[in-house]
Amino acid sequence: MEKIIVNNFGPIKEINFCLDKQFNVVIGEQATGKSTLAKCIYFFKDVITEMTHLLMRQPEKLAKMTAEQILQLYYVNAKKLFYLSFGRYCHSELTEISYQYIDDRLATISVVNGDIQFKYDDATEQEIKRILTWYLEKTLSGKVEDASIFSLRAVAVLLENLFGINIRRMFIPACRSRVTGILDQYQGQTIDIYFNALLENIRAFKFFLETFSEADIDIAYLHKDSMPEQLHERILDLKLLKLKILKGDYETDKDKTWIKLINGTKVPVEYGSSGQQESLWILNFLTMVMYSASSRFLIIEEPEAHLYPSAQLELIKLITLVANTTGSEVLITTHSPYILSAFNLLTYAGKVEKNNKEGLINVYQRIAPQKLGAFKLENGICRYIYNEEESLISSEEIDTISEDINTLFDKLIDKECDEMR
């Protein structure tokens with residue numbers, strides 16, 4: 001079971017967060033640490049890829065180093081990535097972050113003399129050095145350029161297996177609409193690594209559109225352990241849900257990207273509604289994952305942004321459909337009680353309707369109750385708010401704000417009545 005513990009980092013005082021569910025939803029007010037938690041999880045899940053990036057960038061130089069020297073250089077690069085993710089102002093001398101992978105493998109962030117230190121546990125270090133030693137022997141046995149491609153891929157697989165990270169990661173940040181103004185001309189990098197990742201995923205999606213057709217879907221799923229039941233029915237559901245949310249469809253050519261509205265009108269993406277701009281890339285990435293039969297660990301920030309409550313429900317249905325079909329895992333951060341209500345609906349349907357083909361909720365959009373985890377961040381602490389006996393997120397957590405507003409409203413009515421007497 002994977003677990004992250006965060007102490008005294010940014011707005012977070014103390015969080016002990018287990019990632020043992022397929023669906024995790026985290027709610028909280030702004031500046032309570034939702035993005036910090038999500039980015040920490042993504043950092044620890046993805047940081048091991050920096051090892052293969054390091055070997056790829058400097059193969060001739062690293063071939064002359066020892067495994068221990070490469071590991072220490074990797075630690076330096078991992079620290080740089082951490083600073084790029086969070087800046088240099090979130091930590092203090094009391095900051096401690098640890099991530100437990102499978103088989104009790106552990107990565108830690110600590111602060112020494114004001115500086116971040118990244119490190120694995122001793123046993124994991126030895127395993128990494130063993131893999132690096134194998135890589136060095138392979139590359140030194142012949143020409144580096146001849147051995148590097150095979151060896152690098154092998155190293156990546158060995159490291160992924162070591163940490164139990166067998167599915168790719170995708171971070172879909174908030175403020176997705178800001179990409180639309182630069183989408184067709186921007187080719188560079190920004191200082192925001194998550195925005196850069198969003199741009200890279202968009203480029204990957206465009207390449208996917210150019211090289212993949214619906215005729216390839218069956219072939220993609222044949223490479224998985226089993227073919228999902230009613231796959232083409234699920235694909236049709238995906239299209240219908242996208243149409244409901246986007247109120248149109250996505251189109252692209254060499255020069256421009258468009259939203260083709262239901263009435264046939266084509267609108268450049270940058271002139272679409274704020275809800276369309278915010279939801280578009282979530283929908284496109286989910287389509288890519290579904291069509292390619294790709295299992296992912298998806299982190300989605302504020303999927304509700306600028307969406308009407310009914311569209312928020314449809315989006316959670318779509319996310320659930322894709323996750324159930326591909327075996328993907330999902331972590332969502334949100335401000336919206338409607339998102340919690342949507343998860344409640346799909347999970348309760350999973351409890352009541354189970355796997356029955358007929359029901360109020362499409363069988364592929366239901367969530368098995370044991371696969372949901374829900375959390376609330378407040379005052380730097382994380383609380384578990386999912387009642388596993390009832391298979392529901394606490395209604396008190398969903399309705400708190402409404403109750404506060406209604407209480408004030410009742411007091412105003414009482415005041416008005418007093419003045420009329």
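Me: Which residues form one aromatic cluster?

Reply: F9, F43, F44, Y74, Y75, F82, F86, Y99, Y101, F118, Y120 and F163 do. Rings of Phe, Tyr and Trp (its six-membered ring) pair if their centres lie within 6.5 Å; planes under 30 degrees apart count as stacked, over 60 as edge-to-face and the rest as tilted. Do keep in mind that this is a predicted model, where local features need pLDDT of at least 70, side-chain atom pairs count only at pLDDT 80 or more, and totals for chains, interfaces and linings use all residues. Residues are numbered from 1 along each chain as its sequence is written, and side-chain values use heavy atoms, with hydrogens and water left out.

Me: How many aromatic pairs are there by this rule?

Reply: The count is 29.

Me: Is F44 buried or exposed?

Reply: Buried means under 20% relative accessible area, exposed over 50%, and partly exposed in between (1.4 Å probe, protein chains only). F44 has 0% relative accessibility, so it counts as buried. F43 is buried too, because its relative accessible area is 5%.

Me: Which residues touch the most other members of the largest nonpolar core?

Reply: Nonpolar side chains tend to be buried together in soluble globular proteins. A nonpolar core is a set of buried Ala, Val, Leu, Ile, Met, Phe, Trp, Tyr and Cys residues joined through side-chain atoms within 4.5 Å. Here the largest has 64 residues, and V25, F285, L318, F343 and I393 touch the most other members. A second, separate core of 60 residues includes A38, M51, Y74 and I131.
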